[in-house]
Amino acid sequence: MKPRIIILMHYMELGGAESALLGLLQSVDPARVDVDVFIYDHRGELMRYVPTDKIHLLPEVTAYKMIERPFLECVKSGHIGVALGRWLAKKTVDKSPVPAGKDNIRIYTRVADWVEHFVPKIQLDVEYDLAISFLMPHNYVVKKVRAKKKLGWIHTDYSTVHVDVKRELPVWSQLDYIASISEEVGKKFVETFPTLKDKIIPIENILSSTFIRQRAEEETVFLDDNPSTVKLLTIGRFSPQKKMEEIPLICRKIVDAGIDIKWFIIGYGSAEIEQEVRDNAQREGVTDRVILLGKKENPYPYIKACDIYVQPSRYEGKSITVREAQILCKPVIVTNYPTASSQIQSGLDGVIVPLEVDACAHEMADFICNKEGQARVVEYLETHDYGNEQEIEKIYQLVGA
């Protein structure tokens with residue numbers, strides 16, 4: 001009998017973790033394992049890419065669907081317990097100040113602490129060989145799934161987030177394995193939760209080069225008709241992590257250096273940060289050069305159409321879009337966030353530039369003008385495969401498949 005695995009995920013909106021889950025599911029060999037996928041809310045542009053020929057997509061359970069839906073919708077749906085849990089979470093979450101430079105994710109774990117009491121068991125009659133929670137909080141895989149082994153994934157750099165260690169530790173401790181997408185991400189996690197060191201196993205985000213290249217050919221995109229204009233592209237959520245509000249400032253300085261660029265942004269998220277990008281573009285006089293394209297179901301033709309892909313983040317776990325751009329053989333510029341050197345060999349398969357605006361703009365300008373350097377990066381990318389479907393073997397090993 002084949003081992004049975006269940007994977008839990010919130011939804012399938014455009015995002016790095018969602019793309020990583022797709023890569024994993026597309027790599028599944030149904031001859032070796034039976035995989036059930038439980039997605040709380042079947043929304044998001046990436047839902048249609050879930051490979052139902054390889055896995056079994058479980059139906060929605062409305063209580064789980066309401067966890068991140070608007071509060072009023074949750075109440076109107078009749079899921080008063082979930083609504084109560086969310087309300088109690090906001091009332092009882094630790095409201096102490098968040099250290100400068102860190103994102104506060106305490107509310108997400110606090111919601112799970114309360115809501116787990118008001119949602120049903122998942123696949124009550126099944127005991128799985130392995131249950132995987134692909135995105136934190138991991139309470140539901142711990143409390144609501146029967147499995148011989150349980151695994152939770154780390155997708156973020158824990159040196160950049162503010163967590164309630166006392167509340168989170170009991171949940172993480174009940175997992176048998178904790179999958180880290182890179183050595184640096186695992187190291188930062190262990191600095192926050194040192195007692196969990198022995199549970200860490202490295203499993204990189206799984207990406208299929210074939211799938212990404214196929215999607216890049218689905219349509220033809222022209223970002224700009226002027227061949228002398230250098231076309232930059234950034235993809236990501238409008239959030240403090242991605243630092244998109246500084247793009248107009250950097251763009252202004254590059255243009256002032258006499259370089260003709262247009263910087264395209266594919267993204268969605270915080271309306272406040274999106275407006276800040278627009279306001280800064282207006283203030284810096286670059287509204288014709290910083291161009292917001294909105295949300296794109298298929299961003300790969302845009303990566304194919306750009307000259308250079310730029311990731312200006314404050315922090316990343318291991319950027320999916322950077323790897324996707326490398327698969328499509330585009331020169332990549334990333335800022336020097338803490339895990340950048342674990343993903344980019346600067347000067348070889350991309351370049352790392354400083355985080356600070358002036359220095360960032362200066363070094364970006366140098367690379368944009370360095371056509372020979374860009375050509376060397378492209379040549380390197382063309383001779384290396386950045387897909388890594390073989391990473392799924394590490395999951396098979398956990399269940400003896």
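**Salt bridges in close-up**

**View 1. E13 and R43 form a salt bridge.** The closest N and O atoms lie 2.7 Å apart. The model is predicted. The pair links distant parts of the chain, 30 residues apart. E13 sits in the loop between strand 1 (4-9) and helix 1 (16-27). R43 sits in the loop between strand 2 (34-39) and strand 3 (56-57). E13 has a relative accessible area of 12%, so it is buried, the cut-off being under 20%. R43 is partly exposed at 22%.

**View 2. D41 and R69 meet through their side chains in a salt bridge.** The N to O distance is 2.7 Å. D41 is buried, with a relative accessibility of 3%.

**View 3. E217 pairs with K304 in a salt bridge.** Their closest N and O atoms are 2.9 Å apart. The partners are 87 residues apart and link distant parts of the chain. E217 lies in the loop between helix 9 (209-216) and strand 10 (230-238). K304 lies in helix 12 (residues 300-305). E217 counts as exposed at 53% relative accessibility, and K304 as partly exposed at 40%.

**View 4. Shared partners join salt bridges into one network.** Its members are E13, D41, R43, E45, R69, E73 and K295. The structure as a whole holds 29 salt bridges.

Methods: Residues numbered from 1 in each chain as written. Predicted model: local features only at pLDDT ≥ 70, side-chain atom pairs only at ≥ 80, totals over all residues. Heavy atoms only, no water. Salt bridge = Lys/Arg side-chain N within 4 Å of Asp/Glu carboxyl O. Helix = DSSP H or I, 4+ residues; strand = E, 2+ residues; numbered from the N terminus. Buried < 20%, exposed > 50% of the residue type's maximum accessible area, 1.4 Å probe, protein only.
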